[in-house]
Amino acid sequence: LYEIIRRIEWRETKPCERKTCMSKYVVLTDSTCDLPEEAAKQHNIDIVCFKIALDGEGYTERVDFTPEQFCEMLKKASGLPTTAQITQFEFFDKFEEYDRQGVEQTLYISINAGGSGTNAAAHAAAAQFHEEHPDSKMEIFIVDSHAYSMAEGAGVIEAKQKLDAGETMESVVEYLNDKYAKMEILLTAYTLKVIRKSGRISAAAAIAGDLLGIHPIFTLNDGVSQVVKKVRGDKAVVSSMATTMASRMAQGTPYYIGVSDHKYDEEYVEACTKKVGYAPVGIFHLGCAVLSNTGAEAVGLVFEGAKRER
């Protein structure tokens, strides 16, 4: 069973240093999307990367480390990582570059706007671009994914596929707004060190949880985390994660498994396939946006649920 899963792997090339082959339209996203480099390269998706600070050192996500390396950094860190939003100037430079290359329509799909000023920076950059380039015919479309990780990234891939198939930008934007109102993330952490430091649970509860082998299962939808279960034992949490996803997801829709370590792959593929009735679309490595909140031992399930009103 495990061998038939189309597994999404990272490559060593650095997407933020890659020259993108331009067409009449371009799809841009940010590094919180957790899109593997292989997928970004295959679909010709441009990615702008977040800056990360950890223990006094500054890094650029996906350029200075891989997700696997970030996990090791987290394990050894004394403090919590912090991120700096992507700036208006960075977006403005991107928009000018696209315009010079003859792009007619730019679609930027952003990290949850409620959790980062990056979306607002993109809007400000678009306004600045049109003000400074009144003769430009390039249109800029900005979509708030209200999400992180592959809950954001899955829509990015679909948007590019639809544009490549000849759908209009307006119809793709409408589709994305509907899709992102359904995307859900289900997470669990195998150690509560980072969650304790972040203040999401008390220090006493975190210490007790680690000693007793209790793992929280929580949703991360529209940027809001909510504990839905607490499960004792590593084996029990795998089954409970799969069961919870199966009860919440729209049957027949694709889902993804995100891991901090590929040692979790096989047991989650087996459990989820059994509960849902079909295998995941792929397995990906969780990136900074998620691991900065869960710690370096975590698993996430990404799927479509019921549409939420906004």
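The largest nonpolar core of this predicted model has 69 residues, a nonpolar core being a set of buried Ala, Val, Leu, Ile, Met, Phe, Trp, Tyr and Cys residues joined through side-chain atoms within 4.5 Å. The residues with the most contacts inside this core are L35, F91, F95, L107, I109, L176 and V302, and the element that gives the most to the core is helix α5 (residues 149-164), with seven residues. Apart from this core lies another, of 23 residues, among them I217, V237, M249 and Y268. Contact means that heavy atoms lie within 4.5 Å, and F91 touches L28, V48, I86, Y108, T118, A121, A122 and A125 when residues up to four places away in sequence are not counted.

The model is predicted, with local features needing a pLDDT of at least 70 and side-chain atom pairs counting only at pLDDT 80 or more, whereas totals for chains, interfaces and linings use all residues. Residues are numbered from 1 along each chain as its sequence is written, and side-chain values use heavy atoms, with hydrogens and water left out.

The protein chain contains 11 helices and 13 strands, where helices (H or I, at least four residues) and strands (E, at least two) are DSSP runs numbered from the N terminus. Of the 310 residues in the chain, 54% are buried; buried means under 20% relative accessible area, exposed means over 50%, and partly exposed lies in between, with a 1.4 Å probe and protein chains only. Among the contacts in the chain with a separation of 6 or more, 76% are between residues 24 or more positions apart.

Strands of a sheet pair through backbone hydrogen bonds, either parallel or antiparallel, and two strands are taken to pair here if DSSP finds at least two bridges between them.

Four bridges join strand β3 (residues 51-54) to β4, and A53 has G58 as its bridge partner in β4.

Parallel pairing is also found between strand β11 (residues 255-259) and β12, over four bridges, with F284 in β12 as the bridge partner of G258. In a regular strand the side chains alternate between the two faces of the sheet. In strand β12 (residues 282-285), G282 and F284 point one way and I283 and H285 the other way, and all are buried.

In helix α2 (residues 67-76), the residues P67, F70, C71 and L74 are buried. They lie on the same side of α2 because they cover an arc of only 105 degrees around the axis, the arc being that of the directions from the helix axis to the C-beta atoms.

A disulfide is a pair of cysteine sulfur atoms within 2.5 Å, and a search of the whole structure finds zero disulfides. For C33, the nearest cysteine sulfur is that of C49, 8.7 Å away, and C33 is buried, with a relative accessible area of 0%. For C288, the nearest cysteine sulfur is that of C71, 8.8 Å away, and C288 is likewise buried, with a relative accessible area of 3%.
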